[in-house]
Amino acid sequence: MAETIFSRIIRREIPASIVYEDEHYLAFRDIAPQAPVHVLVIPKEPVRSLAEATDASAVGGLLLVAAAVARQEGIEESGYRVVLNTNGDGGQTVFHLHAHVLGGRPLHWPPG
Ligand code: AMP
């Protein structure tokens with residue numbers, strides 16, 4: 001898989017505002033936040049997108065970390081959205097699987 005900016009964040013080659021880390025996942029604040037809370041959760045083992053993911057426990061773990069981050073950020077009660085933009089029409093721009101955790105304001109549906 002081609003290197004992305006997220007691999008460089010994992011290796012601490014570029015700075016990020018890290019809010020959670022364990023052996024398999026890293027979570028950090030989005031550089032261009034779309035909501036008061038906007039955190040990205042990524043697996044340390046890179047996969048290009050959800051479309052190419054094959055490890056069910058890794059994807060499930062990603063979602064559980066997203067929920068833990070939402071709890072840690074204080075938006076569990078008020079509510080939040082977890083988004084996995086996938087490929088072109090899905091709006092994916094960084095091809096290292098990531099879950100957006102968005103909250104802290106009402107989120108509209110359907111998204112634009
Ligand atoms: P996506 O469009 O779903 O691929 O999301 C990629 C996200 O990564 C965007 O929301 C960007 O704002 C975010 N992003 C890109 N570079 C960085 C960075 N260096 N640190 C934090 N977030 C970033």
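This dialogue covers the ligand site and the pockets of a predicted model.

Biologist: Which residues are closest to the ligand?

Modeller: Residues are numbered from 1 along each chain as its sequence is written, and side-chain values use heavy atoms, without hydrogens or water. In this predicted model, local features need pLDDT of at least 70 and side-chain atom pairs pLDDT 80 or more, while totals for chains, interfaces and linings use all residues. A residue is near a molecule if one of its heavy atoms lies within 4 Å of it. Here 16 residues surround the ligand, and the closest are Asp30, Asn85, Thr93, His98 and His100.

Biologist: Which polar side-chain atom lies 2.8 Å from an oxygen atom of the ligand?

Modeller: A polar contact is a pair of N or O atoms within 3.5 Å. The side-chain atom belongs to His100. From the backbone, a polar atom of Thr93 is 2.7 Å from a ligand oxygen, and an N or O atom of Val94 lies 3.0 Å from one.

Biologist: What is the volume of the largest pocket?

Modeller: On a 1 Å grid over the protein atoms alone, a pocket is an open set of points with protein on both sides within 12 Å along at least five of seven lines, and lining residues have an atom within 4 Å of a point. A volume is the space filled by probe spheres set on the points, with a probe of 1.4 Å. The largest pocket has about 730 Å³. Of its 30 lining residues, those closest to the centre include Asp30 and His100. The ligand takes up the space of this pocket.

Conventions:
A polar contact is a pair of N or O atoms within 3.5 Å; within protein, one must be able to donate a hydrogen and the other to accept it, and residues adjacent in sequence count only if both atoms are side-chain atoms. A molecule sits in a cavity or pocket if more than half of its atoms lie within 2 Å of its grid points.
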